Amino acid sequence: MLDKKLYIPEHVAIIMDGNGRWAKKRALPRTIGHKFGAENFRKITRYISKTGVKYLTLYAFSTENWKRPPEEIEGLMKLFHQYLIDSLTDFKDDDIKIVYIGDRTAFSPSLHKLINESQEQAKDRKGMVLNIAMNYGSRDEIVRAVKQLCNEAKDGKIDPDSITSKDISDRLYTGGIPDPDLIIRTGGEMRLSNFLLYQSAYSEYYSTDTLWPDFHEEDFDKAIIEFNRRNRRFGGV
């Protein structure tokens, strides 16, 4: 467990990368890697909720992931479907509030129904907020926010000259919650991959070579310890 003297970031976001490579190293199908990644997601989420983090955003499926082989996408959708069924009881004892962010229009009616049921059941929980980014793309999110502002301006609800960065933030999927203090990426890559581009303007970034299914409590602790070594100046001296 983390030293109580450490500062715990309010909002942590994680790019859960490396499921496919984890499976490949073991001569297993990529879908098996996603299954083990989903199991690890539950364990890590529960652990993080106990550290004092108030918001956790996990990148589960991007708008670009539709380019993957059909059999892999089918496997991922089945995992999502099963997770949504499990989520009706999952994290209940942990008091974790579940929110899904992203464009749902590409999902099946059954997934839509389960997402709504899952969020409704968890809406009154008071613990950590878990944002699950499904069919999420940050550029699409920004375009969506801008279109909303344009429509409001056209309808006379807002003066275009008065629009601020907060107005844009409020219309993002993450509207109403603080920007991430720390973004963690597993799997060794050094890019954001269209994740929280607007929100991450002053986020600290931490990359680890550890593949997502192998990312455990001690790996998260290392990220928090490194975060505490950073000097966040937000453009100042």
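Okay, let's start with Ala-27: this residue is exposed, with a relative accessible area of 73% (exposed means over 50%, buried under 20%, and partly exposed in between, using a 1.4 Å probe and protein chains only). Ala-27 sits in the loop between helix H1 (19–25) and H2, and its phi is near 55°, a positive value in a residue other than glycine.

Quick note: this is a predicted model, where local features need pLDDT of at least 70, side-chain atom pairs count only at pLDDT 80 or more, and totals for chains, interfaces and linings use all residues. Residues are numbered from 1 along each chain as its sequence is written, and side-chain values use heavy atoms, leaving out hydrogens and water.

Now compare Leu-196. Is Leu-196 buried or exposed? Leu-196 counts as buried, at 0% relative accessibility. Leu-196 also has a positive phi, about 50°, although it is not a glycine, and lies in the loop between strand S5 (182–185) and strand S6 (204–207). Helices (H or I, at least four residues) and strands (E, at least two) are DSSP runs, by the way, numbered from the N terminus.

On to the cores. A nonpolar core is a set of buried Ala, Val, Leu, Ile, Met, Phe, Trp, Tyr and Cys residues joined through side-chain atoms within 4.5 Å. The largest one has 41 residues, and Ile-14, Phe-41, Leu-130, Ile-184 and Phe-220 have the most contacts inside it. Which helix gives the most to this core? That's H3, with six residues. Apart from this core lies another, of nine residues, and our Leu-196 is among them, along with Tyr-59, Tyr-136 and Phe-195.
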